[in-house]
Amino acid sequence: MYRSDFSDMAMHAIPKQSFRRATSGDVGTVREITRAAYSKWVPVIGREPKPMIADYEQAVVDHVIDIYEQGGLPIALIELIPKPSYLLIENVAVLPDRHGNGIGGLLLERAETIARSLGLSELRLYTNAMFATNITFYARRGFEEFMREPHASGSEVVHMKKSVGP
């Protein structure tokens with residue numbers, strides 16, 4: 001085989017990966033990815049988590065939602081809300097069959113990049129206290145819990161933050 005043959009094989013073996021900003025035409029995709037990603041939590045808390053019932057028609061206008069694609073297929077997203085002193089991560093959603101492949105970490109890296117581009121030095125997020133794997137996932141990536149508050153459903157909301165360097 002010639003060198004160019006290896007290059008062609010490599011290009012076909014690794015699906016193209018990219019982020020793109022969601023538009024109003026992506027509302028259905030955003031909703032589908034989010035619902036699939038959060039459905040596992042319904043039996044844990046006895047209701048649909050907030051991201052499953054969010055108004056994505058409005059969110060794609062008001063928030064930064066970046067869709068992550070592999071091979072042209074949308075498989076994950078991150079929803080961000082810029083605040084005056086931090087960037088709030090509102091939603092991290094990865095299709096269940098793609099869990100464990102490092103995509104969640106890529107989404108968080110994307111949030112850091114956006115925070116830096118906006119001149120913000122902190123990321124914040126919140127999750128349900130019953131989502132122990134989420135809390136562990138975020139803690140492993142440098143997030144620290146800074147507050148808990150009661151939720152109307154009787155559970156607790158865990159607030160976490162992470163400093164973002166220049």
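Biologist: Why does His-159 count as buried in this predicted model?

Modeller: The relative accessibility of His-159 is 13%. Buried means under 20%, so His-159 counts as buried. The residue sits in strand S7, which covers residues 156-163.

Biologist: What makes the pairing of His-159 and Glu-149 a polar contact?

Modeller: Their side chains are joined at 2.7 Å. The cut-off is an N or O pair within 3.5 Å, one able to donate a hydrogen and the other to accept it, so the pair is called a polar contact. Glu-149 is also among the residues in contact with His-159 beyond four places in sequence, a list including Leu-125, Tyr-126 and Phe-146.

Biologist: How do you know that the buried residues of H2 line one face of the helix?

Modeller: Those residues are Val-27, Val-30, Ile-33, Thr-34, Ala-37 and Tyr-38. Seen down the axis of H2, they fall within an arc of 140°, so they line one face. They pack against helices H3 and H4 and strands S2, S3 and S4.

Biologist: What span is expected of H2, and what does the helix reach?

Modeller: H2 has twelve residues, 27-38, and reaches 16 Å from its first C-alpha to its last. At 1.5 Å a residue, 16 Å is expected, and the span of H2 is close to that.

Biologist: Why is Val-92 called buried?

Modeller: Val-92, in strand S4, has a relative accessible area of 15%. The limit for buried is under 20%, so Val-92 is buried. Beyond four places in sequence, Val-92 touches Tyr-38, Leu-77, Ile-78, Leu-107, Leu-108 and Tyr-138. Val-92 and Thr-34 lie 58 residues apart in sequence, with 8.1 Å between their C-alpha atoms.

Biologist: Which residues have the most contacts inside the largest nonpolar core?

Modeller: They are Leu-80, Ile-89, Leu-107, Leu-123 and Phe-143, in a core of 25 residues. H5 supplies the largest share of this core, six residues. Another core, of 17 residues, lies apart from it, and Trp-41, Ile-45, Ile-65 and Ala-93 are among its members.

Biologist: What makes H6 a helix with one buried face?

Modeller: Asn-134, Ile-135 and Tyr-138 are buried in H6. Down the helix axis these residues fall within an arc of 100°, so they line one face. They pack against S4, H5, S5 and S7. The face turned away carries the exposed residues Thr-133 and Arg-140.

Biologist: Why is the pair of Trp-41 and Phe-131 called stacked?

Modeller: The ring centres are 4.1 Å apart and the planes are at 20°. Centres must lie within 6.5 Å to pair, and planes under 30 degrees apart count as stacked, so this pair is stacked. Trp-41 is in the loop between H2 and H3, whereas Phe-131 is in the loop between S5 and H6, 90 residues apart. Both Trp-41 and Phe-131 are buried.

Biologist: What makes the pair of Phe-137 and Tyr-138 edge-to-face?

Modeller: There the centres are 5.3 Å apart, with 70° between the planes. Planes over 60 degrees apart count as edge-to-face, so the term applies. Ring pairs also link Phe-137 and Tyr-138 with Phe-143 into a cluster.

Key
Residues are numbered from 1 along each chain as its sequence is written. This is a predicted model: local features need pLDDT of at least 70, side-chain atom pairs count only at pLDDT 80 or more; totals for chains, interfaces and linings use all residues. Side-chain values use heavy atoms; hydrogens and water are left out. Helices (H or I, at least four residues) and strands (E, at least two) are DSSP runs, numbered from the N terminus. Buried means under 20% relative accessible area, exposed over 50%, partly exposed in between (1.4 Å probe, protein chains only). Contact means heavy atoms within 4.5 Å. The expected span of a helix is 1.5 Å times one less than its number of residues. The arc is that of the directions from the helix axis to the C-beta atoms. A nonpolar core is a set of buried Ala, Val, Leu, Ile, Met, Phe, Trp, Tyr and Cys residues joined through side-chain atoms within 4.5 Å. Rings of Phe, Tyr and Trp (its six-membered ring) pair if their centres lie within 6.5 Å; planes under 30 degrees apart count as stacked, over 60 as edge-to-face and the rest as tilted.
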